[in-house]
Amino acid sequence: MRGMAFKAYTGIFALVLLMLCIGGCAKQDSKATETQQVETQAADTQTQAAETQAKDVQTQTADVKETQTQEAKTQATDIKTTQTETLQEGFEVTMEKQGIGLKGVENSRTLGGYPTADGRKVKDGVLLRTGELFNATTEDIEKLLGYHLATVVDFREQDVIDIAPDPEIEAVKNVHIPVMDESLKEKAKGITAANDDAYVQTLVGVASREGFSLENTYVEMIDTETGKAGFAEFFRILLNKKEGEAILFHCSYGKDRTGIAAALFLTAMGVDEKIIQEDFELTNKFMAQKIDGTIKVAEGFTKDEDVLTKVGYLVGVDPNAMKHLMEHLKEKYGSVYAFITDGLMISEEDLERLREMYLE
């Protein structure tokens, strides 16, 4: 009996030991598994951290490169803008640069060479502005044909054209575009001034009228339906010019109606307003002799300095007239450019095409 009991105890003890061994091994396996899991998680965390850090570095590098690229582009744009502004600010409008040397045609010049906001310039010899062509010499006409003149735009009134018509030039089309309505014809007498005594006396009478101002005349002209329709037609003619051809536009002395048309065209091209104003005032240099002669004759009719100044402006131009017109258009339309698009109804597409045609 004791032997059997001992065996039983021995078996139980062995079983307990086996269970303890298995439990210990299981705990060791579990602990090893936990350790592996911790190590795996740590490795994963390190990997993710490394990947995140690498991505952050790549992102930072890309951001730095993008910033540097953007800064370089901005700097290049700033340099180009500065160069363009410097070019426009430093541009000098002179008779020598703009004149085309016609002997029988007053105030004859080209709009070529003027720098624009995008760094280009108006092509030379494709758009000419002058006074009437009635007294053009044979040499003048030959010179105009040398520009490959194809179209002449005349802003004068029909009764004036009948008295002093443009010459018929072979293969050149004459287009009449009135821009003044009936209410402005009386004021236009001053615009078609001559320096004979009788007419100068008329000029003195016009300049002596209470409240007379060419500033108002410009605004009245461009605000009328006749004026807007006429200048819009002028742009359409410019758009129809063929490659290699030139267009000439004029009124009587190439200063008021022609000056407005030139200012609108140069605005559409992106020429600085200061240069546009200087081009307008260049008339007073081209016509200096006529202005001085007329004022001397006018002094025989009046000693009023204000009236004499206005007489000079009637023969030449009043610098404030264009400034006043520009301010009027800005106030009414937001900008002079907006007047072209909204007032004259010239589309952006047409204006872009116009720039491609007349700029280089």
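This is a predicted model: local features need pLDDT of at least 70, side-chain atom pairs count only at pLDDT 80 or more; totals for chains, interfaces and linings use all residues.

Reader: What describes a pair of aromatic rings?

Author: In general, a pair of aromatic rings is described by the distance of the centres and the angle of the planes. Searching the whole structure gives 9 aromatic pairs. In one of them, Phe155 and Phe231 are 5.9 Å apart from centre to centre with 55° between the planes, and this pair is tilted. Phe155 belongs to the loop between β3 and α4, whereas Phe231 belongs to helix α7, so that the pair links parts of the chain 76 residues apart.

Reader: Why does Phe155 count as buried?

Author: Phe155 counts as buried because its relative accessibility is 0%, and buried means under 20%. Phe231 also has 0% relative accessibility and therefore counts as buried.

Reader: Which pair is edge-to-face?

Author: Tyr218 and Phe280 form an edge-to-face pair, with 6.0 Å between the centres and 85° between the planes. Tyr218 lies in helix α6 and Phe280 in helix α9, 62 residues apart.

Reader: Which residues do ring pairs link into a cluster?

Author: The cluster linked by ring pairs consists of Phe155, Phe231, Phe234, Phe235 and Phe249.

Reader: Where does the charged end of Lys241 sit?

Author: The charged end of Lys241 sits over the ring of Tyr358, at 5.4 Å from the ring's centre, while Lys97 lies over the face of Phe91, 4.3 Å from the ring centre.

Key: Residues are numbered from 1 along each chain as its sequence is written. Side-chain values use heavy atoms; hydrogens and water are left out. Rings of Phe, Tyr and Trp (its six-membered ring) pair if their centres lie within 6.5 Å; planes under 30 degrees apart count as stacked, over 60 as edge-to-face and the rest as tilted. Helices (H or I, at least four residues) and strands (E, at least two) are DSSP runs, numbered from the N terminus. Buried means under 20% relative accessible area, exposed over 50%, partly exposed in between (1.4 Å probe, protein chains only). A charge sits over a ring if NZ of Lys or CZ of Arg is within 6 Å of the ring centre and within 35 degrees of the ring normal.
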